[in-house]
Amino acid sequence: MRLVTDALTFAHPGHPTLLDGVHLDVRVGESVAVVGPSGSGKTTLLALLGGLLRPQSGRVVLDRGGEELPVAEHVSWVLQTVNVLADRSVIDNVLVGAFADGLDRGTAAARARTALAAVGLGGTDERPVRTLSGGEAQRIVIARAAVSDRPVLLADEPTGQLDQDTSAHVMDALLTSAADKITVVVTHDTAVAARCSRVLVLGAGHLATRTR
Ligand SMILES: Nc1ncnc2c1ncn2[C@@H]1O[C@H](COP(=O)(O)OP(=O)(O)OP(=O)(O)O)[C@@H](O)[C@H]1O
């Protein structure tokens, strides 16, 4: 499976050439970091990849052996804003979406416990999320994405609220779950980018490969 863009262009008001012909081709098993200056369009690109925005021209295609899949239905998100149900338990928050996607309860619960342990939240299953810190809540969102069977994982600053040690653990968990997914991570953190299999730099409307 591949996530491919073909000369994607996108403008926000006041940014007529924000994305000006972006080519991207990410395969299952690859994790791509997108870096670049603030305001260069990284979050916008992620929204286009996940089908939240439509490009002015060009296309985003999720290709499975020649069959085109509706990308928005195959994405799990880790966003900058932490999306949690504060009054529900940690485990409920991790399992949100898994049942809707058709995962059976036993499989989903077992995966959720593994994912919570991997992000350092083992044993917190029944705690209401409102009793956790912001960084802990962000780790719930990462565990939720790890439980999902969706083949595309799009993450926007997944470690933005975490200290360096926790960030490294969370990246371990995220990249383990990325082994059989197409993963795109927007980040300002060079250590996080270095963990990904490719680093692409967004600037002046284009993506360029960063050689290490
Ligand atoms: N809905 C919108 N309407 C108008 N302009 C927008 C909108 N969303 C974003 N922008 C502008 O488009 C530019 C790119 O925004 P985007 O959030 O994609 O950048 P970014 O590279 O992710 O930035 P950062 O690293 O600061 O998060 C910014 O100048 C932003 O102000």
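**A helix beside a ligand**

Helix α1 gives the most residues to the shell around the ligand: 3. Helices here are DSSP runs of H or I with at least four residues, strands are E runs of at least two, and both are numbered from the N terminus. This is a predicted model: local features need pLDDT of at least 70, side-chain atom pairs count only at pLDDT 80 or more, and totals for chains, interfaces and linings use all residues. Residues are numbered from 1 along each chain as its sequence is written.

Which residues are around the ligand? They are H12, P13, H15, L18, G36, S38, G39, S40, G41, K42, T43 and T44. The shell divides into 2 nonpolar, 9 polar and 1 charged. Nonpolar covers Ala, Val, Leu, Ile, Met, Phe, Trp, Tyr, Cys and Pro; charged covers Asp, Glu, Lys and Arg; the others, Gly among them, are polar.

Now follow α1 itself. It is mostly covered, with 6 of its 8 residues buried. Buried means that 20 or more other C-beta atoms, placed from the backbone, lie within 10 Å of the residue's own. The buried ones are K42, T44, L45, L46, L48 and L49. Just after α1, G51 takes a positive phi of about 80 degrees.

What does α1 lie across? It lies across β1, β2 and β4 (57-64), and runs at about 125 degrees to β1. Such angles run from 0 to 180 degrees between N-to-C directions, with axes fitted to C-alpha atoms, for helices over the stretch in contact. Contact means C-beta atoms, placed from the backbone, within 7 Å.

Next comes the sheet. It is open, has 4 strands in the order β2-β1-β4-β5, and its pairing is antiparallel. Strands pair if DSSP finds at least two bridges between them. The edge strands, β2 and β5 (67-69), each pair on one side only. Neighbouring strands of this sheet are turned by 35 degrees against each other on average, direction ignored. Strand β1 (residues 2-12) runs antiparallel to β2, joined by 8 bridges. L8 has V22 in β2 as its bridge partner.

Finally, step back to the whole protein. It has 6 helices and 10 strands. Of its 212 residues, 41% count as buried. Along its principal axes, the C-alpha trace spans about 45 × 35 × 35 Å.

Methods: Near = placed C-beta within 6 Å. Contact = placed C-beta atoms within 7 Å. Buried ≥ 20, exposed ≤ 12 C-beta atoms within 10 Å, placed from the backbone.
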